[in-house]
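Reader: Before I plan anything around this model, I would like a close and careful look at how its parts are packed against one another. Could you take me through the contacts in one connected account?

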Protein chains: 2
Amino acid sequence: MSILVVGSVALDSVETPMGKVTEEVGGSATYFSAIASLYTNVNLVAVVGTDFPKEKIQFLSERGVDTRGLQVVEGETFRWSGRYDYMSNITETIDTRLNVFADFHPVLPEGYEKSDIVFLANIDPDLQREVLEQVSGAKLTMIDTMDFWIENKRDSLIKTMSMVDIVTMNEGEARLLGETESILTAARGILELGPNMVIIKRGEYGCVKVDMDGYFTAPACLLEQVKDPTGAGDTFAGGFLGYLDQVDEFSEPAIRRATIHGCATASFTVEEFGVARLRTLTTEEIAERYQEFYNFSHLHDW
Amino acid sequence: MSILVVGSVALDSVETPMGKVTEEVGGSATYFSAIASLYTNVNLVAVVGTDFPKEKIQFLSERGVDTRGLQVVEGETFRWSGRYDYMSNITETIDTRLNVFADFHPVLPEGYEKSDIVFLANIDPDLQREVLEQVSGAKLTMIDTMDFWIENKRDSLIKTMSMVDIVTMNEGEARLLGETESILTAARGILELGPNMVIIKRGEYGCVKVDMDGYFTAPACLLEQVKDPTGAGDTFAGGFLGYLDQVDEFSEPAIRRATIHGCATASFTVEEFGVARLRTLTTEEIAERYQEFYNFSHLHDW
């Protein structure tokens, strides 16, 4: 089994109440692969500029991530800088420089098209469809998106949503898309567009999975300190799809366990800046945290 | 078994995106009693003015609530008016007129002092202690509080916290009290003051129970429409303590089930303005919603 991820590999500058980092490796495909590779085989498609310090994602290759799909293009790597203020609940993008990402078109190296699961991280919905057309045999497809595409490429996004199995986004984005305060109403609106399942990410509160049969709420663990929330959503996707690919089962019980894996793996990401915590993360640590989720969320008997 | 509740009986004027009501019966003791009385015997202590339309809380007496402790004092009833704006996450108090509540001192009618469980809703921590001194034999005591007391009567509040078994508040209030973004850190800080347990209410996200052994997260159900969030916290307390009093057991499994009862009962409150939904609520409906909580939050196997 294997997963294809198409997204960004970037250089992030981040400031939080806990400190700041400058031009550290980030990007949705990086975060996703760092986690999913602890579960299964990952095929990565992204683009960087000639300035990218490839040794900084050497740990992905060491975990077996196939990086043949990482295009290196003359120019500068995608850069994002942002600031989080927890107490006032502010996430502010200070600067986005797409650079080589502006002209990115996903090219799948030979063999990638046979990936069992496809995750299209938050990129232009036009590009997401370009990939979908190349992987028509996938067992499971999932897309992430963001407010920018909801506001500026709504029709294209809706078209892409109609082609996939699972749509994921943050709850604020779901409210924006559905023009409703209720994430349940928003999720049901998305289901009507075609996908079988919607996963709404709720940050420190976990996530909700909604399908035609109902919904499931997965909790998050409580943390004493969040150093940097960047990448939590992509690592959620990495744990969620990584687990599903590993067990090769898409039943309701498997999906529920997968959401817990997603929330558990995301909880590691925020413990350190950038991908620092993920570099050393082990499957044993994930198993321990999964057990913690059982401890703090199960009822002994209903 | 029986529960003593000391709090407010008020006339609320509320505006939400779903509509508005003027001078409807509200108050923490009203909401609490409306729910707790579906589980067990409730002894109510509060004060209203001579202008209070007592027939509006007749439904409490019909559910067996002992209202001998409802003082009627010459003057006007406590009035609160507020506005909720969900999309911008605003809860705004427009006006608070304490009226007869300003000079309130809880007086326990004969027999009330033998209540097994005591709930001191959000009132002056000095008054909470006045009650605690009269109910030294209670099996379980719990207080609620709010930002006003944290900011203006911190020392008194801390003294009161040291005297009770359970402290509850909203997560924003916990952060304010603990001067930390982490509700886990905040809760642990409160535990150091003396109580055995802290319950942090998280609105649409459920609640967290924290004690020396760890924590437990209880989910909330997803709603398509929230007409009026007023009283949700007090009805949470009503379901939580009502269940515990009914089963007369304070073990960890019972506490966990009780938090689900609290979240389930609170979910009814917000379906209509004021106490409208609670007037007709039945134990059968609560049992059905409890089952829904099982359906949307359990894992088939870990």
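Author: Two residues are in contact here if their C-beta atoms, placed from the backbone, lie within 7 Å. The model is predicted, and local features need pLDDT of at least 70, side-chain atom pairs count only at pLDDT 80 or more, and totals for chains, interfaces and linings use all residues. Residues are numbered from 1 along each chain as its sequence is written, while chains are lettered from A and ligands numbered from 1 in the order in which they are written.

In chain A, helix H1 (residues 28–36) packs with helix H8 (residues 232–247) at an angle of about 40°, and their axes are 7 Å apart. Helices (H or I, at least four residues) and strands (E, at least two) are DSSP runs numbered from the N terminus, and axes are lines fitted to C-alpha atoms, for helices over the stretch in contact, with angles from 0 to 180 degrees between N-to-C directions. By class, the contact of H1(A) with H8(A) holds seven nonpolar, six polar and one charged residue (Ala, Val, Leu, Ile, Met, Phe, Trp, Tyr, Cys and Pro count as nonpolar, Asp, Glu, Lys and Arg as charged, and the others, Gly among them, as polar).

Chain A also has an open sheet of four strands, in the order S3-S2-S6-S7, with mixed pairing; two strands pair if DSSP finds at least two bridges between them. Strand S3 (19–26) and strand S7 (90–97) of chain A are the edge strands, each with a single partner, so one side of each has no neighbour in the sheet. Leaving direction aside, neighbouring strands of this sheet are turned by 15° against each other on average. Strand S6 (residues 79–85) of chain A runs antiparallel to S7(A), to which seven bridges join it, and A:Trp80 has A:Thr96 in S7(A) as its bridge partner.

Within S3 of chain A lies A:Glu23, whose phi is near 45°, a positive value in a residue other than glycine. A:Asn99 likewise has a positive phi, near 50°, and is not glycine; this asparagine is found in the loop between S7 and strand S8 (117–120) of chain A.

In chain B, strands S2 (residues 10–16) and S3 (residues 19–26) run antiparallel and are joined by six bridges. S2(B) and S3(B) form a hairpin with two residues between them, and B:Thr16 stands opposite B:Gly19 in S3(B).

Between the chains, 29 residues of chain B are in contact with 29 residues of chain A. On the side of chain B that touches chain A, helix H7 (183–191), strand S13 (214–218), helix H9 (252–269) and helix H11 (283–297) of chain B each supply at least two residues, and this side has 16 nonpolar, eight polar and five charged residues. Because 100% of the interface residues of chain B are also interface residues in chain A, the copies meet through the same surface.
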